[in-house]
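Work through the following exercises with the coordinates open beside you. Each task is followed by a solution that goes step by step.

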Amino acid sequence: MISEKFIFPIQLINEDGTDYNFEFPKNPLKEKWNRLYPPIPKPEYSQVCDGYSCMCCGRCPKGSYWKVPEEDKEVWDEYQKEIMKYHKIHNPKLYELSKE
């Protein structure tokens with residue numbers, strides 16, 4: 001049974017009550033990576049890129065084994081700092097857990 005507290009589609013809320021997407025930092029590398037590293041289906045997964053097959057894949061940024069290219073690491077690290085600043089403001093408990 002679904003609890004009456006759930007309203008679909010589910011809206012994610014920060015600890016401070018704001019919507020999770022409120023001013024969330026945008027990945028400055030997203031467009032570049034979409035252009036240079038499009039999803040490439042793997043034959044062993046019936047040629048699909050569906051999230052599930054991405055679990056053990058590193059062919060594009062959606063894969064869980066994706067490694068940030070060396071040339072993008074500086075920008076990526078700055079982006080990660082922006083995300084941490086966001087969580088420090090909007091999700092302080094998550095921020096504290098992330099520091100450990």
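**Exercise 1: a histidine and its contacts**

Leaving aside neighbours within four places in sequence, histidine 90 is in contact (heavy atoms within 4.5 Å) with Asn14, Glu15, Asp16, Thr18 and Phe22. This is a predicted model, in which local features need pLDDT of at least 70 and side-chain atom pairs count only at pLDDT 80 or more, while totals for chains, interfaces and linings use all residues. Residues are numbered from 1 along each chain as its sequence is written, and side-chain values use heavy atoms, with hydrogens and water left out.

Task: Determine in which helix histidine 90 is found, and decide whether histidine 90 counts as buried or exposed.

Solution: Begin with the secondary structure, where helices (H or I, at least four residues) are DSSP runs, numbered from the N terminus; histidine 90 is found in helix α2, which covers residues 73-90. Next take the accessibility, for which buried means under 20% relative accessible area, exposed over 50%, and partly exposed in between, with a 1.4 Å probe and protein chains only. Histidine 90 counts as buried because its relative accessibility is 8%.

**Exercise 2: another histidine of the helix**

Task: Which residues does histidine 87 touch, not counting those up to four places away in sequence?

Solution: First place histidine 87, which is found in helix α2. Then list the residues that histidine 87 touches beyond the excluded stretch, namely Tyr20, Phe24, Pro92, Leu94 and Tyr95. Finally, the relative accessibility of histidine 87 is 7%, so this residue counts as buried.

**Exercise 3: the cysteine sulfurs**

Task: How many disulfides does the count come to?

Solution: Apply the rule that a disulfide is a pair of cysteine sulfur atoms within 2.5 Å. For cysteine 56, the closest cysteine sulfur is that of cysteine 57, and at 8.9 Å it is too far for a bond. For cysteine 57, the closest cysteine sulfur belongs to cysteine 60, and at 6.2 Å this too is too far for a bond. By this rule the count comes to zero disulfides. As for accessibility, cysteine 56 counts as partly exposed at 40%, whereas cysteine 57 is buried at 8%.

Notes:
Helices (H or I, at least four residues) and strands (E, at least two) are DSSP runs, numbered from the N terminus.
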